[in-house]
Amino acid sequence: MQGRLESDDLRGLHGRLEEARQDLEEAQAEVDRLQQQAEAAKLLYETLTEKRREARRQYLAPLREEVEELLSRFFGADRATVQFGETFGVERFSRSGEGSFEFDQLSAGAKQQLSVLTRLAMARLICQERPHPVFLDDALSDTDPDRFEAIANILRSVAREMQIIMTTCHHERHRRLGVTTKRMESLKQQAVGE
């Protein structure tokens, strides 16, 4: 009887061994499948990352050149350069004789001026393919009078190439742009027929 129990136990062990081998094969197949997925995901990530780098280089180089051309008009003899980040925002501004600054280190007025020049540069690049207006909403409120005059010259020049629409609550200051100005109140009254 003991021999039969041992034999039955061995058959049970043999069955469990086969079951364990089957589980191992299935687990190995799952590991292999997940490894292939991981390798495919890694390849996709690396490919997309490289393509994004290439696209950024392709689009940022002309934008940087355009911004720097506008900066040369703005600063005159001083050479100014910009560096863009992942999201096409200005990260660093450098100017000969003054050094290099992170965008966040700039004054509110300098940030506004650089942002306006960047938007104008983007619009000029887009206008090469299809005209688009540029909307500026009180974009120069923190700009000092001397810098305002310099950027006003650039705005007048660029306005020959494209339509620029500005809204502001600083009407007297913006009259120096030499363009037609309209007050929102009078436009509202015209719209309702008063």
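Predicted model: local features only at pLDDT ≥ 70, side-chain atom pairs only at ≥ 80, totals over all residues.
**Exercise 1.** Classify the ring pair formed by Phe74 and Phe75 and the ring pair formed by Phe75 and Phe93 from their geometry.

*Solution.* A pair of aromatic rings is described by the distance of the centres and the angle of the planes. The structure holds two such aromatic pairs. In the pair of Phe74 and Phe75, the centres lie 4.9 Å apart with 80° between the planes, and since planes over 60 degrees apart count as edge-to-face, this pair is edge-to-face. For Phe75 and Phe93 the centres are 5.9 Å apart and the planes stand at 35°, so this pair is tilted. Phe75 belongs to helix α1 (residues 2-75) and Phe93 to strand β2 (residues 90-95), 18 residues apart, and the pair thus links distant parts of the chain. Taken together, the ring pairs link Phe74, Phe75 and Phe93 into a cluster.

**Exercise 2.** Decide whether Phe74, Phe75 and Phe93 are buried or exposed.

*Solution.* Buried means under 20% relative accessible area. Phe74 has a relative accessible area of 8% and is therefore buried; Phe75, with 16%, is buried as well; and Phe93, with 8%, is also buried.

**Exercise 3.** Check the span of helix α3 (residues 145-158), and describe what caps its N-terminal end.

*Solution.* At 1.5 Å a residue, the 14 residues of helix α3 should span 20 Å, and because the end C-alpha atoms are 20 Å apart, the two values agree. At the N-terminal end, Asp144 caps α3, with a side-chain oxygen 3.2 Å from the backbone nitrogen of Asp146. The buried residues of α3 include Phe148, Ile151 and Leu155.

Key
Residues numbered from 1 in each chain as written. Heavy atoms only, no water. Phe/Tyr/Trp six-rings, centres within 6.5 Å; stacked < 30°, edge-to-face > 60°. Buried < 20%, exposed > 50% of the residue type's maximum accessible area, 1.4 Å probe, protein only. Helix = DSSP H or I, 4+ residues; strand = E, 2+ residues; numbered from the N terminus. Expected span 1.5 Å × (residues − 1). Polar contact = N/O pair within 3.5 Å; in protein donor to acceptor, adjacent residues only side chain to side chain.
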